[in-house]
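Q: I have a model on the screen and want to learn how to read it. Where do I begin?

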Amino acid sequence: MNDRGDGMAAAYVPEGDGLDDQVPFLARLERTDRVALLELGRELCFDVRAALLRQDEPSAHVLLILSGWTKITTSAPNGYEALHALRGPGDIVGESAALTGRPRSATVTALSPVRAAVVPHEKFRAFVAASPGVSLSLLALASDRTRAADRRSLEFAAMTVRERFAVLLLDLARTHGARTAEGIELDVPLSKQELAGAVSASREAVQRLLKDLRERGIVRTGRRTLVIVRPDALRRIARSGEPAAPAARPAVR
């Protein structure tokens, strides 16, 4: 397999107190390690909404995402689905199950067409065992993801659903937003159920929140599209939980 690390010629060097959980795994590796790891796999393509990995299935391989975006979810016995993260180019998924030999802990689903390198878990484990630098990068990634998840859990525990939802939309605008004439359009097609799962709320609660935000002129929604018109209003909601004032309407003459 050819080097897929375009734009990642050198390993990522942390600043401040360490790596951010948004820095993908492949960007953390030295170029030689990245090339060698990718050459262990074969490339597969997945259509939108295809399941790359399924919760509770036995582990046979890890996936290195080359292009496209995926969602990481878990499902409870009652059918409730929680959205934990979005993973995209350069990210690795399925590594925990491959290293421990346990069943998959989550489902990974394509949100857009995805290309990924599939590496059998025996090859992956042998490669990590023989590469101290890769082992440390994998450990740092796991630590960063855990720290980010713990920080978000602590923050969310002190927030209302309205505040959590505002924070989520602002995060998505920062990481997956494209500026348009109308505002900031989220370029990941998340359903109301998926948005609800990200803030530990019901679909009905998110539907009510979106209706309120639409009426106030803060967002515009369509079929699997969401445009943030007034991010300043979302920031006020995220900070205080206070409903933002409706957008000013032109005077009728």
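Q: Leaving aside its neighbours within four places in sequence, which residues is Ile 228 in contact with?
A: This is a predicted model, so read each contact as computed, with heavy atoms within 4.5 Å. For Ile 228 the list is Leu 169, Ala 173, Gly 183, Ile 184, Leu 186, Ile 218, Val 219 and Leu 234.

Q: Is His 176 buried or exposed?
A: Check relative accessibility against the cut-off: under 20% means buried. His 176 has 5%, so the residue counts as buried. His 176 is found in helix α6. Beyond its neighbours within four places in sequence, His 176 is in contact with Trp 69, Leu 86, Glu 185, Leu 186, Asp 187 and Val 188.

Q: How many residues line the second largest pocket, and which lie nearest its centre?
A: Start with the lining, then look at the middle. The lining has 15 residues, and Leu 190, Ser 191, Gly 222, Arg 224 and Thr 225 lie nearest the centre. Two or more lining residues come from each of α7, α8, β11 (219-222) and β12. The space in this pocket is about 240 Å³.

Q: How do the residues of that lining divide?
A: Sort them by side-chain class. The lining of the second largest pocket has seven nonpolar, four polar and four charged residues.

Q: What do the totals for the whole protein look like?
A: Count elements, then burial, then contacts, then surface. The protein has nine helices and twelve strands. Of its 253 residues, 45% are buried. Among contacts between residues at least 6 apart in sequence, 68% join residues at least 24 apart. The protein exposes about 13500 Å², with 52% of it from carbon and sulfur atoms.

Key:
Residues numbered from 1 in each chain as written. Predicted model: local features only at pLDDT ≥ 70, side-chain atom pairs only at ≥ 80, totals over all residues. Heavy atoms only, no water. Helix = DSSP H or I, 4+ residues; strand = E, 2+ residues; numbered from the N terminus. Buried < 20%, exposed > 50% of the residue type's maximum accessible area, 1.4 Å probe, protein only. Areas by Shrake-Rupley, 256 points an atom, 1.4 Å probe, with all protein chains shown as cover. 1 Å grid on protein atoms, 1.4 Å probe; cavity = no way out; pocket = protein on both sides within 12 Å on 5 of 7 lines; lining within 4 Å. Points joined across faces, edges and corners; volume = space filled by probe spheres on them. Nonpolar A, V, L, I, M, F, W, Y, C, P; charged D, E, K, R; others polar.
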